[in-house]
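Here is a friendly walk through some packing details of a protein model. Have the sequence and the structure open as you read.

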Amino acid sequence: MAYPYRVVLSEAQRAELRGLVGSGTAPARTLTRARILLKADHGDGGPGWSDAAIAGALDVNPSTVLRVRRQFVAEGLAAALQRRRPDRVYERRLDGARTSSRWPAPRPRTARRAGACACWPTSWCACWPTSWCAWRWWRPSPTRRCARRSKNALKPHLSEQWCLAPTADPDFVWRMEDVLAVYARPFDPARPVVCLDETSRQLLGEVRPPLPAAPGRPARHDPEYARGGVVNLFVATEPLRGWRTVLVSDQRTRLDLARCMAELVDVHYPAAEKIVLVLDQLNTHSPASLYAAFSPAEAKRLADKLELHHTPKHGSWLNMAELELSVLERQCLRRRLPDRDAMTAATRAWAERRNASVQRIDWQFTTADARTKLRRLYPAFAG
């Protein structure tokens, strides 16, 4: 059969196409076009398949095969492999979903035409022909908005988890101002202000060894993983000194919290007169946990060294330890750690690195800001 566009590849072109198909790194469209050209080759030693045979073997339409052959004969190998013509300059006409390179270039106009799209800026619509705005899909519609405004449209299918504080709650504002007053204290080594919070983390191990990163290729790991249980992380930080520590435990019980408090008192702050501790209102965050884990005399000794301040309910954002938890998640925990020992080593290295660089927290929210910006949380007072 005589084809109107006969593909004859040279040895260099065959070698280039075979190398491209063998590497597998090119886009799927490019690889398909390369395979079409190799099978349609009527040169010396080429298979010379028909369009129907190529379409059946590669699961493409015969018109696609004809189009690739035509582009190869008329424009060369580079044009046949690429989706766009290499010698054509494509310009963006509009922003957003209406961008299209097939529209002709806008003609400059000095005045806006009658009937132009009402939702587009005057400087845009003044240069478009009136006949285009007469198209049905181009006419202004209350349900069709500009591409620039679509990002601000309501999205009822989306939902976001948000900590909703109560309105006009005296208990909330009292605890909030109590914590803010603690944060306003000057730095005192004898009475350090320490924030404590906790989170859980799942232990995940690799089933197959991951592949390291290589030039032009990121690191790769298999989606299958081995579950190793769950551990709890206690994060304590002293914002004014730029210090933090992480304690890894198997559970999050009163006994685990009591051991964390005892470590703060006896290991990290043995010379402090009193540790000002800021916590949220979890049921285990009380001196009762000390009495559940130690003898009465030891629990009393530890409790006397602690000054507890609790954030209000639905107000855990007031605990600066949550900022450290966020940094810990982004810098250390976004990887697979198989067991508790690996988690302990990773978090200890992270804390030592942060402590060495003295990363402090600059808290700016004050009581005056709360009374101005969060007026809705304060009860109405007449007098």
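## An aromatic pair between loops

Trp317 is partly exposed, at 37% relative accessible area (buried means under 20%, exposed over 50%, partly exposed in between, with a 1.4 Å probe and protein chains only). Phe365, at 19% relative accessibility, counts as buried.

The whole structure holds three aromatic pairs (ring centres of Phe, Tyr and Trp, the last by its six-membered ring, within 6.5 Å; planes under 30 degrees apart are stacked, over 60 edge-to-face, the rest tilted). One of them joins Trp317 and Phe365 edge-to-face, with 5.8 Å centre to centre and 75 degrees between the planes. Trp317 sits in the loop between strand 5 (306-310) and helix 12 (321-331), and Phe365 in the loop between helix 13 (340-356) and helix 14 (367-373), so the pair ties together parts 48 residues apart in sequence.

## How to read the model

This is a predicted model, in which local features need pLDDT of at least 70 and side-chain atom pairs pLDDT 80 or more, while totals for chains, interfaces and linings use all residues. Residues are numbered from 1 along each chain as its sequence is written, and side-chain values use heavy atoms, leaving out hydrogens and water.

Helices (H or I, at least four residues) and strands (E, at least two) are DSSP runs, numbered from the N terminus.

## Helix 2 and its surroundings

In helix 2, the buried residues include Thr30, Arg33 and Leu37. The buried residues of helix 2 pack against helix 1 (11-23), helix 3 (51-58), helix 4 (62-75) and helix 5 (77-81).

Gln71 belongs to helix 4 and is buried, at 18% relative accessibility. Beyond its neighbours within four places in sequence, Gln71 is in contact (heavy atoms within 4.5 Å) with Arg33, Gly76, Ala79 and Ala80.
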